[in-house]
Amino acid sequence: MASPGSPGGEGDGRERRGTGGWDEVLDGEAGLVAPGGEWRSALWRTAQQRFERAADRLDLAPELRERLLEPRRSLTVNFPVRRDDGTVQTFTGYRVQHTLTMGPTKGGVRYAPAVSLGECAALALWMTFKCALLELPFGGAKGGVRCDPNRLSADELERITRRYASEIFPIIGPDRDIPAPDMATGEREMAWFMDTYSQQVGHPVPEIVTGKPLVLGGTAGRKFATGLGVVYCIEAVLDHLGDDLGRQRVAVQGFGNVGAVVARELAARGATIVAVSDVSGGLVAPDGLDLPDVMSWVGEHRFLRGCPAGRAVSRTDVLETPCDILVPAALEHQLTARNVGRVDCRLVVEAANGPVTPEADERLAARGIAVVPDLLANAGGVTVSYFEWVQDQQKYSWTEDEVASRLQRQLRTGLRRVVDTAEQLDVDWRAAAHCVGIERVGEAARLRAIYP
Ligand code: NAD
């Protein structure tokens with residue numbers, strides 16, 4: 001059976017796409033991928049399912065459904081890198097551009113052991129609808145290199161970044177596709193990326209990436225923008241619910257670019273951080289962790305393991321710690337059918353991309369636990385990236401206060417759109433966020449029509 005809404009179908013003479021049929025036969029018996037199955041991954045299935053649910057609710061025309069789902073362009077690159085010990089290792093990287101209709105594409109670059117084409121495709125799709133929800137003039141993109149950044153030296157990471165940047169050079173550009181930080185990448189990698197691109201074209205091009213250091217054309221506030229955006233969303237949602245941040249007990253999974261900022265900024269605004277975790281383990285303190293202490297431990301030791309604050313627990317325990325607000329800020333598919341029954345909170349705020357599986361979503365809804373979806377909750381990153389790109393193009397810098405107040409305004413407007421659409425269509429916030437994004441991109445695609 002073709003999946004609902006997937007183009008093609010039994011006997012219509014067109015190529016079969018999506019799940020089922022050949023996929024199972026070929027995957028099961030020979031580990032091969034069926035024609036049209038190249039995007040598949042667990043995360044792509046989640047993204048596709050969410051897209052189709054919203055498209056069904058909107059009664060989206062079949063033609064638009066077909067045009068809006070699958071990525072428009074993707075590039076897979078294999079490249080050799082010399083390790084510090086003199087050996088040569090081949091790394092695989094990807095860049096996926098989901099929608100070319102809205103402007104240049106925009107999306108992060110991640111370094112992680114599970115990076116795949118299907119993962120990048122799902123994340124690129126979400127970037128498209130996230131940008132549309134926030135009315136940013138971009139389509140979505142995503143890229144990454146499959147590697148374990150914790151086992152690579154700074155020199156090796158520099159060689160990987162520079163080679164990856166030159167491998168994807170043909171499809172990126174300030175008016176074509178603008179990379180940004182994601183998991184295990186940050187200002188340092190963006191500086192190497194910008195330098196590599198600039199060397200290739202022969203002059204400095206700061207606007208080729210966002211999330212750069214300030215002195216290279218970065219913007220005030222970008223480093224903390226995703227985490228701060230999560231905090232602004234939480235404040236706006238609490239205002240909407242008539243609640244107060246000072247009364248919230250919060251657990252945060254992930255203590256990197258995003259999670260550490262969320263924990264620090266929420267604590268600074270009066271919330272009680274009852275648990276945090278990273279890949280090395282977790283810390284729980286029902287009366288609240290001292291965030292400055294935890295931050296300085298991580299500054300010195302890199303990981304949370306061994307930190308004397310709170311009680312040490314496993315990294316998975318943090319997801320089940322009793323709290324008001326649970327903020328998954330690490331990886332995808334962390335709340336699943338297996339552990340969601342033990343989640344003990346009132347609100348889940350998706351700082352990470354795709355941290356809740358569709359099965360877990362249903363179970364949370366059945367228990368009355370609201371989810372602030374990733375499309376909105378972590379949109380602060382791309383919003384401030386947009387501000388950085390605008391400043392680079394104009395060669396004119398804004399102050400940190402200007403960036404922060406514009407970000408806060410933009411996210412509050414985004415939440416308003418989500419809440420209003422949820423009420424109008426009688427759907428949850430996740431479906432509403434998708435519906436707003438899909439309608440906007442669908443309208444643009446309809447008006448641009450089909451070339452030739
Ligand atoms: P990061 O690499 O800086 O941090 C990830 C954190 O998660 C680290 O502390 C790591 O130790 C921890 N972690 C990894 N595996 C874990 C596990 N099994 N249990 C608990 N902790 C674990 O990455 P980041 O940039 O903070 O990104 C986190 C999430 O936020 C990702 O889903 C990313 O796509 C999303 N996001 C990031 C940005 C951005 O601007 N960096 C923007 C939007 C969305």
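The legends below describe close-up views of a predicted model. Local features need pLDDT of at least 70 and side-chain atom pairs count only at pLDDT 80 or more, while totals for chains, interfaces and linings use all residues. Residues are numbered from 1 along each chain as its sequence is written, and side-chain values use heavy atoms, with hydrogens and water left out.

View A. Just after H2, Asp 59 takes a positive phi of about 55°.

View B. Tyr 451 and Pro 452 are joined by a cis peptide bond, with omega about 0°, and Pro 452 belongs to the segment after H14. Most residues other than glycine have a negative phi, and most peptide bonds are trans.

**View C. Two loop residues with positive phi.** Arg 302, a residue other than glycine, has a positive phi near 75° and sits in the loop between helix H9 (291–301) and strand E9 (311–313). His 333, likewise not a glycine, has a positive phi of about 50° and lies in the loop between strand E10 (325–328) and strand E11 (347–349). The relative accessible area of His 333 is 22%, which counts as partly exposed, between the buried limit of 20% and the exposed limit of 50%.

Note on methods:
Helices (H or I, at least four residues) and strands (E, at least two) are DSSP runs, numbered from the N terminus. Buried means under 20% relative accessible area, exposed over 50%, partly exposed in between (1.4 Å probe, protein chains only).
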